[in-house]
Amino acid sequence: MAKLILSRDMHVLEEFPLEKECMTIGRKPDNDIQVNDRAISGYHCQIITVLNDSFLEDLQSTNGTFVNTRRITKYALRDGDLINLGTHQLQYANEFAGAESGNTEYDKTMILQTDPPKQNLIEQVQKPSLGITPPISPLTAQVQKTHASLEILNGSNKGKRYEVTRAMTTLGKPGSQVAVITRRGRNFVIIGVEADTAGQYPSLNGEPVSVRSMSLSDEDQIEIGGIRMIFHLT
């Protein structure tokens with residue numbers, strides 16, 4: 001599990017496991033991680049963790065949030081990154097972090113990351129001779145039951161369908177609304193990562209999807225940045 005190591009003047013003060021999908025950091029006591037430093041805003045920044053990846057976002061703090069001495073707005077954390085907040089430091093420790101070097105500003109990289117449509121699983125099975133259809137193994141049946149895809153309902157990609165095959169699929173437009181679909185075993189959930197300039201998050205069946213995860217079911221409707229899509233689960 002990823003964690004943050006709080007220190008000041010090279011002395012470690014405390015460690016915080018990133019046990020929640022969204023954890024706030026700031027001076028006020030109701031933050032998930034309270035840092036008592038007058039240079040830190042009441043609600044300074046937040047960390048959103050999806051599977052093995054954590055994203056840091058500044059919450060319009062007065063003095064800014066810095067990672068490795070560089071001021072950031074949104075940032076995909078890597079193992080060993082040092083977050084500077086006032087006179088304190090938070091080191092991010094996660095050997096399984098998926099962010100790659102040079103690809104850390106997630107407001108530049110978070111786009112629709114889905115694979116192109118693939119053939120149906122049944123169509124990939126070689127047809128037997130004599131017209132006999134082989135029985136479907138329990139493993140194949142399980143795969144079929146957890147096959148997910150997104151069908152676009154409007155816009156230039158209307159009618160297209162994208163397979164949801166990755167452990168984490170990012171949807172949205174940088175600088176606008178962004179959401180992440182994650183696969184947890186045989187279940188899928190959606191998490192809002194970024195709101196638009198009006199503070200509006202993506203929606204699921206008309207309900208806002210903020211930083212708390214929401215379970216996805218077959219035929220659920222998702223809307224992100226004006227683009228509507230249906231989640232299919234077979």
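Predicted model: local features only at pLDDT ≥ 70, side-chain atom pairs only at ≥ 80, totals over all residues.

Q: Which residues touch the most other members of the largest nonpolar core?
A: In soluble globular proteins, nonpolar side chains tend to gather in buried groups. Here the largest nonpolar core has 21 residues, and Leu4, Ile25, Ile47, Leu56 and Ile83 touch the most other members. Two or more residues of this core come from each of β1 (3-8), β3 (22-26), β5 (45-50), β10 (82-85) and β11 (88-93). A second, separate core of 17 residues includes Ile152, Ala179, Leu204 and Ile224.

Q: With which residues is Ile25 in contact, leaving aside its neighbours within four places in sequence?
A: The contacts of Ile25 include Leu4, Ile33, Val35, Ile47, Leu85 and Leu90, and also Asn31 and His44.

Q: Which strands pair with β12?
A: Strand β12 (residues 148-152) joins β21 (residues 227-233) through 5 bridges, and the two run antiparallel. Ile152 stands opposite Met229 in β21. An antiparallel pairing of 3 bridges links β12 with β13, where Tyr162 is the bridge partner of Leu150. Because 4 of its 5 residues are buried, β12 is largely enclosed by the rest of the structure.

Q: Is Glu163 buried or exposed?
A: A residue counts as buried when its relative accessible area is under 20%. Glu163 has 9%, so Glu163 is buried. Glu163 lies in strand β13 (residues 161-163), and its side chain makes a polar contact of 2.4 Å with the side chain of His147.

Q: How far apart are Glu163 and His232 in sequence and in space?
A: They are 69 residues apart in sequence and 9.4 Å apart in space, C-alpha to C-alpha.

Definitions and conventions: Residues numbered from 1 in each chain as written. Heavy atoms only, no water. Buried < 20%, exposed > 50% of the residue type's maximum accessible area, 1.4 Å probe, protein only. Polar contact = N/O pair within 3.5 Å; in protein donor to acceptor, adjacent residues only side chain to side chain. Core = buried A, V, L, I, M, F, W, Y, C linked by side-chain atoms within 4.5 Å. Contact = heavy atoms within 4.5 Å. Pairing = 2+ DSSP bridges.
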